[in-house]
Every structure is written in C-alpha cells, then in structure tokens.
Amino acid sequence: MDAERLRKDFPLLALGDEATRPIYLDSACQTLRPKCVLDAMHEYYSSFPACAGRSSHKLATEVDIRCDDARTKASTFFNAADPAEIAFLKNATEGLNTVIFGSGLRRGDEVLTTDYEHNSVHVPLVHAQQEIGIRRRIVASRDDGTFDLEAFKNALNTEVRLVAMCLTSNVTGYTLPAKAMVEIAHDHGAKVLLDAAQAAPSTRLNVQAMGVDYLVVSAHKMLGPSGVGIMYASAECSRTLRPLTFGGHGVTDTTFDSYELLSPPERFEAGLQNYSGIIGTGAALEYLDRVGLEEIREHERSLNKRMTRRLMDVSGITILEPSDPNLRAGMLAFNVAGVSHHDVAMILDHSRNILLRAGKLCCHSLFEARRLDGCVRASAYLYNTPAEIDAFSQAVEDIATKL
Ligand SMILES: Cc1ncc(COP(=O)(O)O)c(C=O)c1O
C-alpha cells in the first residue's frame, strides 16, 4: 500500500506545507475523508437534494437509487445475505441501543458483556438493568490485557439471552476472539451483538462466516461522513427487532389507534434521513475496497510496531496492555510518568502539530478497573507514514526524558 500516494486523496493533508501540516493520529475517533466521499456528499446537495422513499419525482428517484446502491455496497462489504439486513442509522450508538432495547430483553434476562466496552454498549446496558431489570454480567480481561475465553465459557448459561461485546477495544486496539465467542454463545442459545466500530476500518468482516446476529459500525471511523452508523441485523433477528424511533416513513399504514411497521430495514429509518451521509458512506466503502482492507491492516500494524518498538523501552513510558503490537490494531495507548495524559496531548498539539486523543476514551469503567485516570491514544490509519510515526515517537520521547 502506497500511503504517500493515498495521502493526495485527502484534502486536509494537502493544506499548507510540511511545517504546518498536522500529523493526524486520531483516526480511532474519526478518520479523515477522501475527496471522493466529499464529492459524493456534495453531489447530493447540488444535484438531487430530495427525499428518498416518499416523493416520486426525478430528484427523489435519484436519491432512492443512490441510497439503495449504498445499502447494497454495505451489504456486500459485510457479506450480509440480503441488503434488507442493513439499516443506516445516525451512528453506532443508535444501533447498539436499538438492539439492547429492541430485541425483547425482559426482567431477569441475562446479558453477558466484557470489561472492554465503550460507553455506547456499557451505558445502555446499565440503563436496561435499571429500567427493564435485566441482569448484566461482565467477563473481566486478564492482567495482560487479553480476553479470558475460559472465563467467558464458564459465565455462559441458558439464562443468557444476549452477548454484547466489542470486536476491537477502542482503548488498546486489542481484538477479541469473536468467532469462538459467537459459537459458544450460540451453543447456549444466546444472540450476539458485535460492536465492530474499531475493527471494521481495517478488518474484512464477514457476518455470515462469523455467524453474528447483530453488528454495528460507525461510518466516520471508516472514511465516511459524521452522523452515519450501519446496523446489520440478520433476517431472522430483524423480523422481531423493534425500532428505537417511530414515525414517518417507518410505517406502511396508520389509523388513529394503530400503526403497521414497514419491513426491515425501513422500519429502523423513521423520519427524513441523512441522505448525503448515506451516499458518502457508499463512496467510503468503495474507496476502502479499492485500497484493500488487508493492505490497510498490514500498514496500520507496521506503523504500530514502529512506534511501539521505539517507545516501549523509553524510561517513564508505560504502554497499556497488551503491549505486543501484533495483538493491537493501529492503536497505541500509553502514559508518561509525571505528565498528565491531557498535558501530553496538549504539548504534542501545540508544539509539534500532532493531533491525538487523551482521557478515558468513553471507557471509564475499564480505566477504573485498571486503576488509571486516563491515557494518551495514538491511532494510525492508511494515510499515516513512517516519517510521521518517527516524528510522533521522538516528540513523546522528548516529553518523557526532557520535561
Ligand atoms: C468501540 C466503539 N464503540 C462505539 C462507539 C460509538 O460510535 P458512534 O460515535 O458512531 O456512536 C465508538 C466510538 O468511538 C467506539 O470506539
């Protein structure tokens, strides 16, 4: 993969000169967008700024065609059996909430989860515990940051209705053994909700081969626009899954006393949608396919190895486990002794133009379990170069050794 060539596709990376151009290492939050995605979104507003699924005029028909095309692309991208298994929502959080509150969980039902979860899984589950009375159990990770499959196996029983888990942690980049977990969960009659927000940008996910029941991702972490999430729900599950939002376009018929929902996926897409975002998402998936997810993964990993190798022995730097970069995606989470994570991020931004994230990364419970008050997270993606990684590593080493 030729990162230097790909960088030309990203307008932000063409601004200014070498000295003023930012080193963007916050892709786990949002990736940059290539021009083809911006063009696809702009084309919607400039050439057919209408509404899908309602009016039948020319412009609306064009929106229908483009949105159907994006849905088909997403379906092929994740190897769903049918585009009807793909719904476009406003983000991954909406997909996670839809499944947690719409899949029929009742008082006393057990949900098994992990200690890696982002607040977008964790908070709806705590809320479901308080409001519905579900019972929530958490499988803790090992001290070395890896997942304890034995503990997961032992925690499963036939009372568990749902396993809600991330595929890749947004803190450490560690990927859980999802295929094995899905098999074990299914053996016990539980459905599996996979939060693949951090895995999908650089992993070929095949929902049928994985056998997963529900999967959600964020378009904005995979070169797509902000404000779009993709929810996969298998045909079997989506038949009974209740929407989170009800209203116009989600129904076939209403009376003063009743309503009839449309078939999936339209029932999950009530109200006027983010058409430019959906169309832009289709363009982003096409771009990722052109570059190749395996190549992106390889590139990310080699950058991660480079920064890990450089920083792991620097005095004062602690890497959040697992420290082996082969076990992590393009992410490195670390702390510098004696300097707060926020100060590290601020110094990197203000003195070296290096942009990354610091804090508890929407994963407060994991930090509490590890007794840490936060970390700095550098996340590399397809447009980052070895030279950028070296500049970042040098800057962190300087903070650790010279401050
Ligand atoms: C693992 C994980 N799950 C869920 C989310 C929430 O995604 P969204 O902002 O699309 O709702 C994030 C965002 O950072 C994430 O990293």
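By class, the shell around the ligand holds four nonpolar, eight polar and one charged residues (Ala, Val, Leu, Ile, Met, Phe, Trp, Tyr, Cys and Pro count as nonpolar, Asp, Glu, Lys and Arg as charged, and the others, Gly among them, as polar). This is a predicted model: local features need pLDDT of at least 70, side-chain atom pairs count only at pLDDT 80 or more, and totals for chains, interfaces and linings use all residues. Residues are numbered from 1 along each chain as its sequence is written.

**Around the ligand**
- Asn-91, Ala-92, Thr-93, Asn-170 and Ser-218 come nearest of the 13 residues around the ligand (near: C-beta atom, placed from the backbone, within 6 Å).

**Helix α4**
- Ala-92 is also among the buried residues of α4, as are Thr-93 and Leu-96.
- Eight of the 11 residues in α4 (92–102) are buried (20 or more other C-beta atoms within 10 Å of a residue's own, C-beta atoms being placed from the backbone).
- Strands β2 (86–89) and β7 (214–218) are among the elements that these buried residues pack against.

**Two domains**
- Domain 1 covers 3–30 + 292–402, and domain 2 covers 37–290, with bounds from an automatic or database domain assignment.
- Their contact takes 24 residues from each of domain 1 and domain 2 (contact: C-beta atoms, placed from the backbone, within 7 Å).
- On the side of domain 1 that touches domain 2, α11 gives the most, with five residues (helices are DSSP runs of H or I, at least four residues, and strands are runs of E, at least two, numbered from the N terminus).

Terms used. Contact = placed C-beta atoms within 7 Å. Buried ≥ 20, exposed ≤ 12 C-beta atoms within 10 Å, placed from the backbone.
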